[in-house]
Amino acid sequence: MNREEKKVIINSLAEKLTEYSHFYITDTSELNAEQTAALRKLCFEQEVKLIVVKNTLFIKALEQVEKAKEELMPALKGETAIMFANVGKGPAKLIKEFRKANPKPVLKAAVVEDCVYLGEASLEDLVNIKSREELIGEIVGLLQSPAKNVISALQGSAGHKVAGLVKALEERG
């Protein structure tokens, strides 16, 4: 591979790093052709982009977009496949599902919501992580809950008592 071809690959990887919010660094070695095809099909179905890369080229792409290169260095050894996704926990769920029948891919590292997760032990945390939209939805639900309680209390039998108290106070004033 000449220098120009490497430059094209590095630029393509840098483009993917800016296009996708999250990426996972995995080891897919020892998967046979059938298993690899099944993994690629599952990735396609779940809108996860899977690319096998040379570590040195990926490091240069990380440098180009200034993304957590130092923290990821321990994970960039051996065979490497990158999973790009717009949903943070998407690749984690995919890996967990695929490994029910296969020994790999193994999670080396992940960058989700600008946080770095290292090692296989992080997989369960990543499966359970909530997206920004899910967290906002929960906060809105929590904020609406007290208001709903007050409104339902005012509309119920307690509401008649409150209305009576307000009327009595108006008459006094």
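Visitor: Is Phe23 buried or exposed, and what is its relative accessible area?

Guide: Phe23 is buried, with a relative accessible area of 1%. A residue counts as buried under 20% relative accessible area, as exposed over 50%, and as partly exposed in between (1.4 Å probe, protein chains only). This is a predicted model, in which local features need pLDDT of at least 70 and side-chain atom pairs count only at pLDDT 80 or more, while totals for chains, interfaces and linings use all residues. Residues are numbered from 1 along each chain as its sequence is written, and side-chain values use heavy atoms, with hydrogens and water left out.

Visitor: How many aromatic pairs does a search of the whole structure find?

Guide: Rings of Phe, Tyr and Trp (its six-membered ring) pair if their centres lie within 6.5 Å; planes under 30 degrees apart are stacked, over 60 edge-to-face, and the rest tilted. The search finds three aromatic pairs. In the pair of Phe23 and Phe58, the ring centres are 5.8 Å apart and the planes stand at 75°, so the arrangement is edge-to-face.

Visitor: Which elements does this pair tie together?

Guide: Helices (H or I, at least four residues) and strands (E, at least two) are DSSP runs numbered from the N terminus. Phe23 belongs to strand S1 (residues 22-27) and Phe58 to helix H3 (residues 55-65), so the pair ties together parts that are 35 residues apart in sequence. Phe58 is buried, at 0% relative accessibility.

Visitor: How are the rings of Phe23 and Phe84 arranged?

Guide: Their centres lie 6.4 Å apart with planes at 45°, so the pair is tilted. Because Phe23 lies in strand S1 and Phe84 in strand S3 (residues 80-85), the pair ties together parts 61 residues apart in sequence. Phe84 is buried, with a relative accessible area of 0%. Tyr20, Phe23, Phe58 and Phe84 form one aromatic cluster.

Visitor: In which sense do strands S4 and S5 pair?

Guide: Two strands pair if DSSP finds at least two bridges between them. Strand S4 (residues 106-112) pairs with strand S5 (residues 115-118) in the antiparallel sense, over four bridges. Val112 has Cys115 of S5 as its bridge partner. Two residues lie between the strands of this hairpin, where Glu113 takes a positive phi near 50°.

Visitor: What can be said of the chain as a whole?

Guide: The chain has eight helices and five strands. Of its 173 residues, 34% count as buried. A contact means heavy atoms within 4.5 Å; among contacts between residues at least 6 apart in sequence, 75% join residues at least 24 apart.
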